[in-house]
Amino acid sequence: MKYKEIKAKTKGIDLPATAVNEDGDNVIIDCIDNCYKVTTLQKNGWCKTDIFHPDGTIEELYDRWIYKYNWIN
């Protein structure tokens with residue numbers, strides 16, 4: 001996806017907005033400082049954030065969002 005595509009698809013929508021992608025993952029779309037931030041909460045426990053800049057630059061960041069604890073010894 002590109003900046004212009006996100007801009008067109010979110011026209012008239014209040015951001016932040018949530019959606020579900022084709023993989024069934026929850027997605028949060030926001031616009032901050034004229035950049036679109038698309039955060040995907042992946043089922044594998046990782047949070048992928050893509051930041052789309054107007055000049056075409058795309059940043060891709062990853063972080064853990066699920067921490068599994070072993071409560072059984």
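How many helices and strands does the protein have? There is 1 helix, and there are 5 strands. Before I go on, note that this is a predicted model. Reading from the N terminus, the order of elements is α-β-β-β-β-β.

Some overall values. The protein has 73 residues, and 30% of them are buried. Its accessible surface is about 5,800 Å², with 53% of that belonging to carbon and sulfur atoms. If we take contacts between residues at least 6 apart in sequence, 14% join residues at least 24 apart.

Now the core. The largest nonpolar core consists of 7 residues: Tyr3, Ile6, Val27, Ile29, Tyr36, Val38 and Phe52. Helix 1, residues 3–9, strand 2, residues 26–32, and strand 3, residues 35–41, each give two or more residues to this core.

Let me stay with Val38, one of those core residues. Setting aside neighbours within four places in sequence, Val38 is in contact with Ile6, Val27, Ile28, Ile29, Lys48, Thr49, Asp50 and Phe52.

Next, the largest pocket. The space in it is about 490 Å³. Its lining includes two or more residues from each of helix 1, strand 1 (17–20), strand 2, strand 3 and strand 4 (46–52). Strand 1 gives the largest share of that lining, 4 residues.

Technical notes: Residues numbered from 1 in each chain as written. Predicted model: local features only at pLDDT ≥ 70, side-chain atom pairs only at ≥ 80, totals over all residues. Heavy atoms only, no water. Core = buried A, V, L, I, M, F, W, Y, C linked by side-chain atoms within 4.5 Å. Buried < 20%, exposed > 50% of the residue type's maximum accessible area, 1.4 Å probe, protein only. Contact = heavy atoms within 4.5 Å. 1 Å grid on protein atoms, 1.4 Å probe; cavity = no way out; pocket = protein on both sides within 12 Å on 5 of 7 lines; lining within 4 Å. Points joined across faces, edges and corners; volume = space filled by probe spheres on them. Areas by Shrake-Rupley, 256 points an atom, 1.4 Å probe, with all protein chains shown as cover.
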